[in-house]
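Subject: The structure, and what turned up in it

Hello,

Here is the structure I promised to pass on.

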Amino acid sequence: MSADLTTAALLGTDRNPGPHPVGDELLAAALSRLPAREDPATALLDVAALAAVARRASTSGTEAGTVRAPAPTETRQLCAPAAAARLRGLLAAGKESWDLLELWLATAAGNGLRVPPGVLVPLLDAAAAAGDRDGLRTAALAVSGERGRWITPQNPAWHGLVAAPRPGVDAIVTDDDPTWVHGTADERAAWLSAARSLDPAGARSLVAGAWAKANANERATFARALEVGVTPDDEELLASALSDRSVAVRTAAVRTLAHLPSSAFVRHCTDRALACVTVSRTLLREHLVMELPEPEKGDPFAAPYSSPKAVAVTQMLGLPAGVGAKADLLTRLVEVVPLSAWTAHLGKEPRTLVQLAIAANARPLLQGWAVATEREHDAAWAHALLVLVGARSISADLARILPPEAQLDVFRATVSAAPAGYEGHPAVAAYLAQLPAPWTDDLTAQVATWVGGQPSEKSWTPIHTSEQLGLAAPPTARSESVIRAAAARAAENVSRALTRAADAVHQRRTIIEELT
Amino acid sequence: MGVSEGPATVTAVPMTWTAEQVLALAPDAASVAAGRKLAAPGPWTQTGASDSPAAVWGLAAGSGKNPYVTVVDLAGPAFSCSCPSRKFPCKHALGLLLLWSAGAVPGASEPAEFAATWLESRAARAEKAASPARTTDPAAAAQRAERRADRVAGGVADLRRWLRDQVAAGLAGADRAGYRPYEQVAARLVDAQAPGLADVVRRLPSVAASGEGWAGRLLDELAMLHVLLEAHERVDDLTPELAAVVRRHVGYPTKAEDVLATPAVRDTWVVLAQSDSLEGRLAVRRVHLHGRATARNLAVVSFAPANQPLDTSLLVGSELDADVHTYPGDPLRALVGTRHADPVPATTPPAAVELGELARVWSAALEVDPWAFAVPVVTGPVTVGTDGGRWWLTDGAVTVPVAAGAQPWSLLVASGGDPVVLVADQTPTGLAPRAAWTSDGLVRL
C-alpha cells in the first residue's frame, strides 16, 4: 500500500477528504472507469482496493543468497521403517520418554544405523532440548548421518548440539597458549587437564611457574588437575601445597597425594592411622580397638570440629572437648591410607574388618574406608561396606564399583537394613539408581518381588522403584514375564506401576530387536 | 464454510487400517504417544473385531477397579470409551486400533455383549436420522433462501457503514484497540447469517496488532473487504461463477450434494500433502490432490470441532482412481465422489510446473477468486535456501520467497541441498511448502 494512501487512511477522510492520487498510470486508468463517489471515505477505499488487488496479483521475485553445497552421500545404513516409526512415537511423547529415546539412539548409533531425513527436525529439536544429556546428544548426532551434520550448522537453534571444542593442546605445552593466558577459570581448568594428560611434566612445570601468582581458587584447580596421571615426580609440588594458606588448596593437595601411596605424606598418615587400630582377642571373640590420634603441627586437614555447631554437639553429648576433632582427624587420615595397608596390618579380609568396625562402632574407620574404596575402585571393599553398613549410611556411589554378582546380595542387605515402612525406600532407591544397567536376572526378580509386596498406599516410592526396574531390567522376555507375574500378585496401585515397568521392558526389547 | 455439510464421501469400510491412518485420528502428539503405549497386549482383555458391524472392541486395564470398555465403530469412525478422558478419540481407542492394525485382535462373527449395546444404539440412531426422507418443498426452500438473503443484505449494509466510518474517522489507534470492537461487529454478522464476513472481521485485530507497517496491511485488508461488499451489492449482475465465489466469501453455505451434483472430473488422483490447522474452535484439514492426467491441483478441505477426529479417508502417498467434484464458489476446493478402485501407493512424482509459471497460475486463480489466499501447486525442481532468517526457492532462472512466517527446516533437511519437486500452496506472500518429492520419494513436511 502506498505511503500517501496509508497516511490518509490513518488520518481519516473527515480531516483530509482528498482526493487521493493513485500514482500509477494503469491504476489511474482503471479508476477512471469506476463510478465517481461523493463520499470521500468510499472514494479512498476504491483507490485502496485497486492498489490492493494489483499488489496481490503481482507475485514478486526475490534474491537468492548463497546456497550450501548439497549434503554428501550417506555412508550409514538406514534403519528399518518400523524402527523409524517407533522413534517418531518416542519423539512425540516428549520429555517422559527421554530414557527410552536415549536407548533407541544409542542402540542405532552402536549398530551403525541412521534415521530417515524426515525425522531429523524433531530429533534435533529433542536433542537440543535435552542438552545436558550428553549420551543422547552424541547418539542423536551419530544417527542423523551426513544430512544431520549438513543441516545442524544452518539452524542457530541446533548450534549447541555440536559439542564445544575442547581447548586445543599442542603436542608441546607452552605457557603462551591463548586458552591458558586468556581463558576463563573453567576453560583454563579444562585446558590444564588436557595438557596434563598429553605432557605431564610440561604441565607440572607450567603449574609450578604460575603457582606464586595464582589466587586460592586457581591453586586448588592446579592441585586437582595434577590428579590426571599423577606420578612421584609431582610429590614435591603437592607436598608444598599441604602448607598452603587456603584450606581448599590443602584439601585438593591431600586428595591428589592420596593417589601416591609411596609419598611421604601418605606413608606418615598410614603410620598414624594404623597405630590407632588394633584387634584384640578376649575369650573366643575378637574386638577391634580404636584409639584417637593426636593432632600434629602442620596437619593439612580442614577443621570442621572448630565450628560452633560441632563444639556444641560435643558438649551436648558430654564428651571431653576435642573428641569430635580427634575422631574427625582419624577419618581424614583413614581416607588417605591405601586399603591394602589395613588387610596387611590387621591380617583380616575386608568383610571381617568391616564387621569388627561396626561392632566397635568405629565410624571414622567406616567413613574413611568408603572414601578410599571409591578412590581405589576396590570391589571387595565396596561389597563389604554396602552389605554391612548399607548404601544410605555410606555412599551409594560405591554401588558403581560392585561386581554384577554382588548386586543382589547388597540389595537384600539394603532392604533388610532399611527401616520398616516408607522411610526405608529412599535408601533402596538410591542404591538401585547407582547400579549400572542392565541389572542381573536375579536382582530383577528380587526387586520385582519386593516392589510387588509393598502395600498399595499413596506413595511415590514403589512407583519410582518400578520406573527404575522398567529401565534397568534386562530387556528380555524373561524379565518382562517375571515383572508381569509380580504385578499380578501385587496390590492395585503397585500392580499398575509394575505393569508399566513390564511394558517399558517390552518396549526396550522391541527397540533393540527393531534395530538389529 | 462447510460445517453443516454431511459426510463428503461414502466409502466402503476398509478391511484394515495402517498404523498411519490410525494415528492420523489422534487429536495431538501426546495422544499418539499414549496410544502407542497402549498398543501392547498387556493391558487388553476380551478384544475382538467383526466385519458386520465393522467394529473393534476390548477391555483396557486402567487406574480403577473395573477395566475401561472401549468400542470403535469403524464405519464412522466413532468411538466409545468408559474412561474419563476428554480427548477424542482417547488413548484407549487409539491403542486398540493400533493393536488391531497390527493384526493382534482376533476376529469375531458378532460383537461382544459389552460392545453390542453401544453399536446397536448407534445403528438405531443412524436409521432414525436417515428415515424421515427429506421432503424438499421447493416453495418453502425458496422462502427460506429469500429470508436468508434479506438478513445477509442487512448485515452487509451495516458492515459497509462500519467500514466507511473506519476510514472516515481514521485508522490511527486501531493497533491498540484490541479485539472487542471487532468482536461486536463479527457477532452482528453471525446473526445476519454471514459467517464468512464475520471471519474476515475477526482477522482484522491481529492484522492491526502485527507491528511495524500494520496500517498499510490493515488498509489492504479493509480494501479487499470493500471489494467483497461492493461485489455483493451487485451479485445478481455478476457472472454465475463470480457470484458463487462472492456468496461463498460472504458465508452462504454450500451443500455437499450440490457439490457432488457438479460434473465429475475422473482421474487418477495423487494424495500429495495434508496440513492441519486450527481456526477458532474448528480443526481444519487441507489435503492436496493432484490429477495424473489433468495435472490439476485441488484441495480437499474438511472441518471438525476441536478434539474430534478429522477426515482420514485420503492417505498421503496414495493415489486413487476417483470422481472429483469442485465447489461452485471455490473451484480449487474439491470433494471426492465415486471411487472406482482402491487406493494404491503413488510411486512416480507428480507433474510439476516451473517456478516461472507460478505467476501465471496465481493470477489465473485470482481472476476466478480475487480473495484467494492459498492455491495448491506442484513446482520444481527447485532448491531451497536460507541465510538463517530469509528463505527462498530457486531453479536458477527464477527465485521466489517462501511464504511469510514459514521456516521450512524439514524441507531443507529432506532436500539435502538437492533440487526437489515441491508440493506447496501459493499465497500472497510466497510459497508455503507442504510436501516434497525427493530421491527418497514423497516426504511430508
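Which residue of β2(B) is the bridge partner of Ala49(B)? It is Val56(B). Before the rest, some housekeeping: this is a predicted model, where local features need pLDDT of at least 70, side-chain atom pairs count only at pLDDT 80 or more, and totals for chains, interfaces and linings use all residues. Residues are numbered from 1 along each chain as its sequence is written, while chains are lettered from A and ligands numbered from 1 in the order in which they are written.

**The sheet in chain B**

Ala49(B) and Val56(B) are bridge partners in an open, antiparallel sheet of 4 strands, ordered β1-β2-β3-β4 (chain B). Helices (H or I, at least four residues) and strands (E, at least two) are DSSP runs, numbered from the N terminus, and two strands pair if DSSP finds at least two bridges between them. At the edges are β1 (44-50) and β4 (78-81) of chain B, each pairing on one side only. Between β1(B) and β2 (residues 55-60) of chain B there are 5 bridges. Helix α3 (residues 91-101) of chain B lies across β1, β2, β3 (68-73) and β4 of chain B, at about 60° to β3(B); axes here are lines fitted to C-alpha atoms, for helices over the stretch in contact, and angles run from 0 to 180 degrees between N-to-C directions.

**Where the chains meet**

Chain B puts 53 residues in contact with 52 residues of chain A (contact means C-beta atoms, placed from the backbone, within 7 Å). Helix α8(B) gives the largest share of chain B's side, 9 residues. By class, that side of chain B has 31 nonpolar, 15 polar and 7 charged residues (Ala, Val, Leu, Ile, Met, Phe, Trp, Tyr, Cys and Pro are nonpolar, Asp, Glu, Lys and Arg charged, and the others, Gly among them, polar).

**A helix in chain A**

In α23 (residues 425-434) of chain A, the buried residues are His425(A), Val428(A), Ala429(A), Tyr431(A) and Leu432(A) (buried means 20 or more other C-beta atoms within 10 Å of the residue's own, all placed from the backbone). They lie on the same side of α23(A) because they cover an arc of only 160° around the axis, taken from the directions from the helix axis to the C-beta atoms.

Best wishes

Notes: Contact = placed C-beta atoms within 7 Å. Buried ≥ 20, exposed ≤ 12 C-beta atoms within 10 Å, placed from the backbone.
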